[in-house]
Amino acid sequence: LTHTDSMDNKEVLKKGEVQFTSAGTGIAHSEYNYNRKETVHFLQMWVKPKQSGLKPSYKTMAFTEEQKKNQLKQILGSQESEDYIKINNDVEIHASLLEETKEITHKLTGNKGYIHLVQNGGKIKVNDVELNE
């Protein structure tokens, strides 16, 4: 997936990389697939910022499969960190790659939560509700 924007950023995103763009006071950007032979798969999420009118920004960070294997790896958060991308909102976004029979437990720190599951076979159980393939 190729990203270009009006801040002169141009980057080809690879598997395991996370891109963060904040439009702030204004930015033009696009994402597209240059490869005509292979399809691209990606997940795009939008989070409304806590504060508006900020300077536009762009950042990418790579996370290995090992960092996400059978555990939650924080990839975005509201605090400054070298381990994930800082976002202008009181949210934490985690990623994981679970092997068969492995499980993860996560306790919410706030009063709201959102779970996005991409299932590639098998069964998933969330709060005692089993989701089949």
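Guide: Start with exposure: a residue is buried under 20% relative accessible area, exposed over 50%, and partly exposed in between (1.4 Å probe, protein chains only). This is a predicted model, in which local features need pLDDT of at least 70, side-chain atom pairs count only at pLDDT 80 or more, and totals for chains, interfaces and linings use all residues. Residues are numbered from 1 along each chain as its sequence is written, and side-chain values use heavy atoms, with hydrogens and water left out.

Visitor: How many salt bridges does a search of the whole structure find?

Guide: Side chains of opposite charge can pair when their charged atoms come close. The cut-off is a side-chain nitrogen of Lys or Arg within 4 Å of a carboxyl oxygen of Asp or Glu. The search of the whole structure gives 4 salt bridges. One of them joins lysine 15 to glutamate 65, at 3.0 Å from N to O. Lysine 15 sits in the loop between strand E2 (10-12) and strand E3 (17-22), and glutamate 65 in helix H1 (residues 65-68), so the bridge ties parts that are 50 residues apart in sequence. Those element names follow DSSP runs: helices are H or I, at least four residues; strands are E, at least two; numbering starts at the N terminus.

Visitor: Are lysine 50 and aspartate 90 buried or exposed?

Guide: Both are exposed. They form a salt bridge, with the closest N and O atoms 3.4 Å apart. This pair links distant parts of the chain. Lysine 50 is in the loop between strand E4 (29-32) and strand E5 (57-62), aspartate 90 is in the loop between E7 and E8, and the two are 40 residues apart.

Visitor: Which residue meets lysine 69 in a salt bridge?

Guide: Glutamate 99 does, at 3.6 Å from N to O. Lysine 69 is in the loop between H1 and E6, and glutamate 99 is in the loop between E8 and strand E9 (123-126), 30 residues apart. Lysine 69 counts as partly exposed because its relative accessibility is 35%. Glutamate 99 is partly exposed too, with a relative accessible area of 36%.

Visitor: In what order do the 3 strands of the open sheet stand?

Guide: First the rule: two strands pair if DSSP finds at least two bridges between them. Here the order is E7-E6-E8, with mixed pairing. Strand E7 (85-86) and strand E8 (92-95) are at the edges with a single partner strand each, so one side of each has no neighbour in the sheet. Strand E6 (residues 73-77) pairs with E7 in the parallel sense over 2 bridges. There, leucine 76 stands opposite isoleucine 85.

Visitor: Which residues make up the largest nonpolar core?

Guide: A core is a set of buried Ala, Val, Leu, Ile, Met, Phe, Trp, Tyr and Cys residues joined through side-chain atoms within 4.5 Å. The largest has 9 residues: Val18, Phe20, Met61, Phe63, Ile75, Leu76, Ile85, Ile87 and Ile93. E3 and E6 are the elements that give two or more residues to this core.

Visitor: What is methionine 61 in contact with?

Guide: Contact means heavy atoms within 4.5 Å. Leaving aside neighbours within four places in sequence, methionine 61 is in contact with Gly16, Glu17, Val18, Glu82, Asp83, Tyr84 and Ile85.

Visitor: Which residues form the nonpolar patch on the surface?

Guide: Patch residues have over 30% relative accessible area and no salt bridge; like charges are joined within 9 Å, nonpolar side chains (Val, Leu, Ile, Met, Phe, Trp, Tyr) within 5 Å. Areas come from the Shrake-Rupley method with a 1.4 Å probe, and for residues only the protein chains shown count as cover. Ile115, Leu117, Val129 and Leu131 form the patch, with about 350 Å² of accessible area together. Leucine 131 belongs to strand E10 (residues 129-132) and is partly exposed at 34% relative accessibility. E10 pairs with E9 in the antiparallel sense over 4 bridges, where isoleucine 124 stands opposite leucine 131.

Visitor: Where does asparagine 127 take a positive phi?

Guide: Most residues other than glycine have a negative phi. Asparagine 127 has a positive phi near 50° in the hairpin of E9 and E10, which has 2 residues between the strands. Aspartate 8 has a positive phi of about 70°; it lies in the loop between strand E1 (2-5) and E2. Threonine 101 has a positive phi of about 75° and lies in the loop between E8 and E9.
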